[in-house]
Amino acid sequence: MKTAFLALLMLFPVLGVDGQIAEEKPVSPGTLQRLKTAFEQVLSGTGIRDLHRDFELKFDTLALRFKLHIAPKTPLPEYTLDTLDGLINQILGGTSHARLTGQIYFDRYTDRALVSVKGYTTDQIFQSIEIMVEPLGGMEAFSRRLHDYLKAEISQGHSWIDRLQDRTSICFIVERDGSLINVADTPFRTSLDAFVAQEQKGSPGIASGRPVAYELELRLYASYLQGKTGWPKDAEWRRRPILSWKKKGRQYLFSSLMRPDAPVVSFVYDAVLGQYRFPIAHAGSRDECSRLIMEIQKDPDKPPYFYRAFDRVYFYRNTNR
């Protein structure tokens, strides 16, 4: 009786109330990589698209097996789950004290899955409501100030208005501190630079608790600049959060989590491997997209951060139309 009581005392600190082992041991990087590969091979080709899921791997002391918990539930075939269960327990066969978490990303275009696996942690990633970038006074006031500035330039004899079409659009970058940068390659670049220099900082965009840069695209109204019409009731502009931007020749190369209306290619950035994978050409000529894909693969820039382990990143060059 005394021996049985001591055995229970020795067992109690190890087991939790739900039958799970409380003490966790780290899993080697090689084992984590084998798990990642197994998950990606089994979950690719399921037909599930554009979906992020979190998962947890815990050892069930009653079944003496690792159990996979995906949240929210995902409509995976039973044979897929059985295959994955077998591979998980084969890879983790000698590590019953492990507890792991990860993310699954089912790609939007390629019917492929990307997976990250890591040791369990109580750290939580702060998520917040996305806050759009806002120039001083709001977007319409900003667009009106820009037009009135250019209108004054025209009245002083600047001749570039002759080359301006009524569907012309120009781009600015709102940096993470709210400051403006002119990236439009136009005949009136000097005038835009002067306008930007006098503008005060606005409110930067916020996503997942962090400031993010934005690309602002505004339509210019030639008829208003020439004094032929009044200010339009529905002025057009777009706001697009960007991950990075850099000058390439006379153009700028942007990367964004949102697909633009421009010649564009995209990759899924695998934050675990630090690689861009699964390239897709969405718009533009074949030669143009091929050159852009080769350029990004030859000289890849690591994104500044990601909201999740995997995201499809869209690359495009700004065009002044």
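Two residues are in contact when heavy atoms of theirs lie within 4.5 Å. In this predicted model, among contacts in the chain between residues at least 6 apart in sequence, 70% join residues at least 24 apart. Because the model is predicted, local features need pLDDT of at least 70 and side-chain atom pairs count only at pLDDT 80 or more, while totals for chains, interfaces and linings use all residues. Residues are numbered from 1 along each chain as its sequence is written, and side-chain values use heavy atoms, with hydrogens and water left out.

The chain holds 7 helices and 14 strands, which are DSSP runs numbered from the N terminus (helices H or I, at least four residues; strands E, at least two). Of its 321 residues, 44% are buried, where buried means under 20% relative accessible area, exposed over 50% and partly exposed in between (1.4 Å probe, protein chains only).

Turning to the aromatic rings, a search of the whole structure finds 12 aromatic pairs; rings of Phe, Tyr and Trp (its six-membered ring) pair if their centres lie within 6.5 Å, and planes under 30 degrees apart count as stacked, over 60 as edge-to-face and the rest as tilted. Elsewhere, ring pairs join F142, Y149, F172 and F195 into a cluster.
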